[in-house]
Amino acid sequence: MLSLNNTLKIAVLPGDGIGREVMPACLELIDAAVSQAGAPPLVFETHQAGAQHYAETGEALPAAALEACQTSDAILFGAMGWPDIRFPDGTEIIPQLDLRMEFGLFAGVRPIRWFPGLPKVLSDPRAEGIDFVLVREQTEGLFYARGRGEVLNDQEAYDTMQITRAGTERVTEFAFQLAAQRKRRGKAGTVTCVDKANVFSSMAFFRKVFDEIAAKHPELQKDYAYVDALALNMVKKPWTLDVLVTENMFGDILSDLAAGLIGGMGMAPSADIGDTHGLFQPAHGTAPDIAGKGVANPGAMFLSGAMMLDWLAVKHGDQRLADAAGLIEAAVEHTLSTKIAVPMEYGGSANCAEMTRSVIGALGAVRKEVA
């Protein structure tokens with residue numbers, strides 16, 4: 001909601017590990033891009049949460065942080081979790097899943113795009129045209145079993161998958177709306193239903209509901225892929241893909257595979273979108289092996305910030321926010337493609353601070369291109 005002074009409030013949760021390093025870098029970049037675009041400055045309200053906060057206080061997601069997320073215009077999230085810090089039952093501390101359920105963030109959006117400067121993971125020159133979006137249903141599927149699984153007599157274990165009509169309808173509609181937006185920008189306008197409908201009744205139902213929603217969008221194309229075949233084709237010919245929609249667990253696995261096509265998690269942004277709330281975070285984890293060294297690649301965090309600005313631009317009808325998002329994306333691409341700075345992750349020498357300075361410095365260079 002817009003505040004009285006017409007500014008947007010962002011709940012900031014840096015979290016654990018490198019989340020605490022890439023988040024300040026992202027906030028600095030967003031401020032610079034918003035200023036260049038002439039948009040009103042955003043108000044950032046930072047709250048502690050996550051595994052390390054749990055170790056210190058016994059709370060993984062404090063009430064104050066949850067309230068801030070509830071009342072803010074968007075949530076900007078770093079990374080949470082730590083291998084050696086767990087709940088008494090041995091499960092990981094992952095408040096991001098709690099936020100998804102609390103705010104009904106049903107659509108996990110993972111854009112996968114290769115651009116010059118990123119590693120060429122595939123040798124086929126057509127791989128330079130990789131540009132697709134994976135949409136993952138995030139409130140049910142196999143993840144519905146979290147906290148509900150059963151182990152019987154130490155002999156059998158059961159986790160139940162849930163697929164509902166309402167859940168499938170809304171995520172499929174979201175995917176078709178996204179495909180329509182992409183088609184207006186010259187993309188194929190195809191939504192592929194990724195399932196295992198040849199084996200599971202729940203997946204056959206998922207496809208049935210998909211078809212019903214697809215019938216409402218005759219101007220767009222529909223397609224189908226079994227998840228195992230899609231995993232093959234994602235590596236063999238990813239440049240043919242446009243928008244994919246799938247169940248929670250399948251999406252969790254495929255999104256990591258997809259990130260590998262463009263060089264890894266360091267350049268994989270994501271958004272968790274609901275009817276009223278949006279959470280934006282890099283797809284990478286907390287990276288305990290490099291945390292505290294200042295060498296993390298902030299690229300995925302930067303691009304997640306751009307996704308947030310784009311979403312806010314649509315939600316509040318402010319083109320200046322979309323312009324700021326475009327500036328960030330173009331500055332990241334310019335920095336990498338010209339090799340002004342190359343992250344250590346990709347064999348360069350630029351640490352987090354150097355990447356941040358370089359991308360902010362590139363904003364002026366790309367401003368005319370974006371305008």
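**Ground rules**

I number residues from 1 along each chain as its sequence is written, and my side-chain values use heavy atoms, with hydrogens and water left out. Since the model is predicted, local features need pLDDT of at least 70 and side-chain atom pairs count only at pLDDT 80 or more, while totals for chains, interfaces and linings use all residues.

**Entry 1: the sheet**

I started with the strand order. I took helices (H or I, at least four residues) and strands (E, at least two) as DSSP runs, numbered from the N terminus. Two strands pair if DSSP finds at least two bridges between them. On that basis I found an open sheet of 10 strands, ordered β2-β1-β3-β12-β11-β4-β5-β10-β8-β9, with mixed pairing. Its edge strands are β2 (43-46) and β9 (221-226), and each of them pairs on one side only. From one strand to the next, the twist averages 25 degrees. For angles I used lines fitted to C-alpha atoms, for helices over the stretch in contact, and values run from 0 to 180 degrees between N-to-C directions.

**Entry 2: strand β10 and its partners**

Next I looked at β10 (residues 243-246), which runs parallel to β5 (residues 131-137) and is joined to β5 by 4 bridges. On the other pairing I checked, 4 bridges join β8 to β10, and these strands run parallel too.

I then asked about burial, where buried means under 20% relative accessible area, exposed over 50% and partly exposed in between (1.4 Å probe, protein chains only). In a regular strand the side chains alternate between the two faces of the sheet. Both faces of β10 are covered: Val-243 and Val-245 are buried on one side, Leu-244 and Thr-246 on the other.

Thr-190 lies in strand β8. Thr-190 is buried, because its relative accessible area is 18%. I counted a contact when heavy atoms are within 4.5 Å. Leaving aside neighbours within four places in sequence, Thr-190 touches Ala-179, Gln-221, Asp-223, Asp-242 and Val-243.

**Entry 3: helices on the sheet**

Helix α6 (residues 201-214) lies across β8 (190-195), β9 and β10, at about 170 degrees to β9. Helix α7 (residues 227-236) packs on the sheet as well, touching β5, β8, β9 and β10, and its direction makes about 100 degrees with that of β9.

I took the expected span as 1.5 Å times one less than the number of residues. The 20 residues of α5 should span 28 Å, and the end C-alpha atoms are 29 Å apart, which agrees. Buried residues of α5 include Val-171, Phe-176, Leu-178 and Arg-182. The buried residues pack against β4 (107-113), β5, β8, α6, β9 and β10.

What caps the N-terminal end of α5? Thr-164 does, with a side-chain oxygen 2.9 Å from the backbone nitrogen of Gly-167. After α5 comes Gly-186, with a positive phi near 95 degrees.

α9 is mostly covered, with 14 of its 18 residues buried. Gly-317 follows α9 and has a positive phi, near 60 degrees.

**Entry 4: cysteines**

How many disulfides (cysteine sulfur atoms within 2.5 Å) does the structure hold? I found 0. Cys-352 is in no disulfide, and the nearest cysteine sulfur, that of Cys-26, is 10 Å away. Cys-352 counts as buried because its relative accessibility is 6%. Cys-193 is buried too, at 0%.

**Entry 5: loop residues**

Most residues other than glycine have a negative phi, and most peptide bonds are trans. I noted Asp-154, which is not a glycine but has a positive phi of about 60 degrees. Asp-154 sits in the loop between β6 (150-152) and β7 (156-158) and is exposed at 68% relative accessibility. Lys-339 also has a positive phi, near 60 degrees. Lys-339 is in the loop between α10 (319-337) and α11 (352-370) and is exposed at 57%.

Last, I looked up Glu-219, in the loop between α6 and β9. Glu-219 is partly exposed at 42% relative accessibility. The C-alpha atoms of Glu-219 and Gly-189 are 8.3 Å apart, although 30 residues separate them along the chain.

How values were computed:
A polar contact is a pair of N or O atoms within 3.5 Å; within protein, one must be able to donate a hydrogen and the other to accept it, and residues adjacent in sequence count only if both atoms are side-chain atoms. A disulfide is a pair of cysteine sulfur atoms within 2.5 Å.
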